[in-house]
Amino acid sequence: MQARTALTAAAWLSTLSAALFLFSILTAGSPDGSLQVGLAVAGMLAAVGAAGCAWRAHRGVSWSGEPLAVLGRLLDSAEGAQAVTNSDGKVIYVNSSGKDWLGASSPLEFLTDRVDADMDDDEAVVRLRQAAATGLAVRVEVPVTTPTGEPDWSLISVRPIDIGEGLLLWTSEDVSARRTINDILGQERQDLADFLYFLPTGLYSVDVDGLFRFANQRFAAWLGYETDELNGLTLDDVLVGANRPQPDGEWQGEVQFKTRSGEVIPALVLQSTFDDAGSTRTRTLVVRDGMRRESSVVPGRIAYERFRALFDAAPMAIAITDPEGVVADCNNAFERLSGQTRAALIGSGLTERLVSDDHRMFGTELDRVLSGDSDGSHLDVRVEGNGGVAQTSVFIGPLSAPGLDAEDIEGAVAHFIDVTEQKSLEAQFAQAQKMQAMGQLAGGVAHDFNNLLTAMIGFCDLLLQRHAAGDPSFADIMQIKQNSNRAANLVRQLLAFSRKQPLQPKELNATDALMELSHLLTRLIGESIEFKLIHGRELGVVRVDPGQFDQMIINLAVNARDAMQGGGTLTISTGPEVFEAPTQVGAEQAPPGRYLRISVSDTGKGIAPENLGRIFEPFFSTKQEIPGAGTGLGLATVYGIVRQTGGFILVDSSLGKGSTFNVYLPRISAEAEDTAAAAGRTSTALGQARSPRSEEGGDDEEAALAAADLGGTGTILLVEDEDAVRVFAARALKNKGYKVLQARTGEQALDILRDTPSVDLMITDMMMPGMDGGTLARLIRVERSEIRIIVISGYSEEVARGDIVDTADFHFLPKPFSLGQLASKVKDVLAN
C-alpha cells in the first residue's frame, strides 16, 4: 500500500513539475511563443509519460484520464491554436483557438481542403505531411484560402509528443499581417535599390577592407565596367593620385578615378559610414561634370569649369567688360535678353546693347565704375533685342582680381534683371487705382450735386405754380430750371463713369440694336464721313441696359467723328471672343469666358501716347480747338457704362492712322438669344426713354405731367436728412392733397410710426446718418407690412448696398426729380 502511494505521488510530482515549467513559458511573453510552448508541452508530456508508465503498470488506466485533462487545461491557456492528434491523424484534443482554426476537420484534412495549392510555392504541405508521417518537427508558412480570393497566411508547426505512440502536437499562428508588412518593406527596398542603381549620379559602397560591395550603373559606366565586374575589386584599384578618401567616417573631397582604359576622371566624392550588421561599410556619392579629362588636369581647371556651369545657368543676365567697357564675356541669359549670340556680343560695347536714349546715362555710370570713382550703381535701362525692347534693372559693379587694390580694376560686371512684365503690371495697377479713385470722387460729387439739384428743380416747380406763363418772372424761373436739368445730365454722366448709375439691364441682341442705331449714327457723323457696319456671326446675346448701350455707341461714334475733321471712315464691327485664361485688357484683367467684341474704328489723327492713359478721365479732352466739342465726359461715360455692365474696354491708336476702341461685353447663355430676338427693340426703346433727357424732352414730360391730375389723399411719412430736399418734397405733396409727416433720421421715423397707427406710404432717402434707408425700409416691411415704400437715392450703389430693388415691395425714384415726377410716382404707388 505504501509503495503504491509513493509511486502515485512521484508520478503526480513529475507531472506538476512539467506543468509549472510549461506555465512559466506561457506567461513569459517570448517572441516565439509557439515554439517554446511546443517544447514545454513536449517536456511536460515526457514527464507525464515517465510517471504514467508506473501509474499504468500499477493501475492499468489509459491516457484519457486525469493527466490528459491537465494537459488540456495547459493547452487552453496557451496563445494560438493548439491541437493533439493520434497515430491515425484524428484530433484527441484541441483548445478553443484550435477549434476556430480547424473546425470539425483534422490538421491533415485542413491541409488538403483549405490550403491554396497554387500559392504553395515552397511545398509547405508536402513537408508538413512528411514530418507528421516520420515523426519529425517542422515549421512552415502555408497560404489559406478565403472567400475574397486573397489568401491568409498561417505559420503551422508539427512535432511528436513522447508520451504515447504517434501523438503529434500541432500549432497554428496567423502571420498574414506580418507577411504583408514584409512584402511592403521588401518592395520599398527593391524600389530604393532600383532608384540607387539607375541614379544619374555615381554611387558605390565598400567594406572596411576597401572591397566593393555595391556600385550603381552610372558609376560602373564611368569607369568602363559592368556592375558585377567591380565585385572583387578594391577602391585602390580604380583610384590614382595622392588624394584618397579616408578609410571611415565622414569625408568629402576631389579625387581622380582611373577607367578600365586608363583615362582619368576627376570627381567630387561625398562619403559617409554606416554599420551593416556589425560590419563597417562606407557609402559614397560621386559627382562629376561629365567631361573626360587627361591626368594632367589641374584643380584650377575644375574650379573654372564649375564656375562656367554656374555662370551660364544663372537666371540673371550677366555681362563682363574689359577696362574699356567692351564686352569680354556674358552668360546665356544675356544672350536671350539681347537676342544675339555670345560670339557676336564679345568685342562690342556694352552701351550699344541699350536704346539710344539710355546711352548717355548708362555710359556715365559705367565710366565711373571703371575709373574707380564708384563702387557700383543701380539703373533702370532698356535693352534692345530681337523680341523688342525689354525694361531692365541693371546693377553695375567693378571687377578686380583677388589681392589687387581697388584702383586695379580689370573691368566691370553688369547684372540685368528683366522687369518688363513687372513694370507693365505696375503701370496697369496704378492706372486702375487712379480710375477707381476718380470714380469714387466723381460718384461722391454727383451724389451731393443730385441733392442740390433736387432742391433747385423742386423749388423752381413750386415757383412756377405761382408764376405762370406771361408772368415777368416766368422766363427767369424757366432758365434756372433748364440749366438745372442740364447740370443733372452732367451728373448722370459722372454717375456713369463712377459706375453708380441706375441701370435696368435687358437681354439684348447687339446685331439688331446696332442696325436700328445705324440710321441715327449716319445723321450724327455727317456726310463727309463714310460709315461701315460689319456684323459678326454667332454673337449670342448680352445683358445690358439698352439705353446705356446706345449711349456708349453714340459717344464712341461722336469721339471718332471729332477725330476726323477732314473726313474719313467710321467702322463698327462685331465678333465673338473667347478668353481661355485671365487676359489683360487695358488696365483691367478679364476673367476667362465668352465675350462679345464691339470695335469702333476711325481713320482720324490718332491719340498721342502721352494721352492714352488719361482719355477715360472725367473732363479730360484734347478737343479744345473744336468749337462746342463737349465737356470731356464722353469717353468717361463709356468707360463707366462698360465696367458697370461687367465688360472691359481697350484702345489701340497710332498717330496719323486712327484709333480703335474694342469693347468686350460678357455673353450670356444661348438659350436667352431667342427671348432677346422676340423682344426686338422694345427693350431698347424703353432704355432710350431712360437715357439722359434733352431739354426739349424734359419740357415735353413736364407738360404731360402738368396736364395730368396728380392729386390724391393719404398719409405719407417723408424721411430725408437734407433739409432743402425734405422741405420741397413736403410742400409739393401737401399741395397735391396729402398729409405729410417729416423725419430727418431713421430712428425719428420709427418713433413717428409708433405714435401714428395709419400711414399709407413712406418715402425714405438711402444715405442718412445713423440708420440708413435700406435698413429702415426692411424693418418697416416686417413690422408694418401694409405701408408702401418709395426709396430715393442719388445713385444706385446705395440701393444695391441696401438690397433694395424696384419691385412690388420697394419702389425706386432716382434724384434729381421734379415736383411732377415725385407726385406721379406717389400716385402710381398708392393706386397700385
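Helices (H or I, at least four residues) and strands (E, at least two) are taken as DSSP runs and numbered from the N terminus. The model is predicted, local features being reported at pLDDT of at least 70 and side-chain atom pairs only at pLDDT 80 or more, while totals for chains, interfaces and linings use all residues. Residues are numbered from 1 along each chain as its sequence is written, and side-chain values rest on heavy atoms, with hydrogens and water left out.

Valine 719 belongs to strand S26. With a relative accessible area of 0%, valine 719 is classed as buried (under 20%; exposed is over 50% and partly exposed lies in between, with a 1.4 Å probe and protein chains only). When residues up to four places away in sequence are not counted, its contacts (heavy atoms within 4.5 Å) are Ala743, Thr745, Gly746, Ala749, Met762, Ile763, Thr764, Asp765, Met768 and Leu776. Methionine 766 lies 47 residues from valine 719 along the chain, and their C-alpha atoms are separated by 9.4 Å.

Strand S26 is part of an open sheet of five strands with parallel pairing, ordered S27-S26-S28-S29-S30; two strands are considered paired if DSSP finds at least two bridges between them. Axes are lines fitted to C-alpha atoms, for helices over the stretch in contact, and angles run from 0 to 180 degrees between N-to-C directions. Five bridges link strand S26 (residues 715-719) to S27 in the parallel sense, and isoleucine 716 is placed opposite valine 740 in S27. Helix H23 (residues 773-783) lies across S26, strand S28 (761-765), strand S29 (788-793) and S30, at about 160° to S28. Helix H25 (residues 819-831) also packs on the sheet, where it touches S26, S28, S29 and S30, and its direction makes about 155° with that of S29.

A further open sheet comprises five strands in the order S13-S12-S16-S15-S14, with antiparallel pairing. Its edge strands, S13 (327-330) and S14 (377-385), each pair on one side only. Here neighbouring strands are turned by 30° against each other on average, direction ignored. Nine bridges connect S14 with strand S15 (residues 388-399) in the antiparallel sense; serine 377 has isoleucine 396 in S15 as its bridge partner.

Leucine 354 is placed in the loop between helix H11 (342-345) and helix H12 (359-370). Its relative accessible area is 2%, and leucine 354 is therefore buried. Apart from neighbours within four places in sequence, leucine 354 contacts His359, Phe362, Val381, Arg382, Val383, Glu384 and Phe416. A C-alpha separation of 8.8 Å is found between leucine 354 and valine 389, which are 35 residues apart along the chain.

Strand S6 (residues 202-207) and strand S7 (residues 212-215) run antiparallel and are joined by three bridges. Serine 205 has phenylalanine 214 in S7 as its bridge partner. Four residues lie between the strands of this hairpin, in which glycine 210 takes a positive phi near 85°.

Phenylalanine 449 is located in helix H13 and, at 42% relative accessibility, counts as partly exposed.
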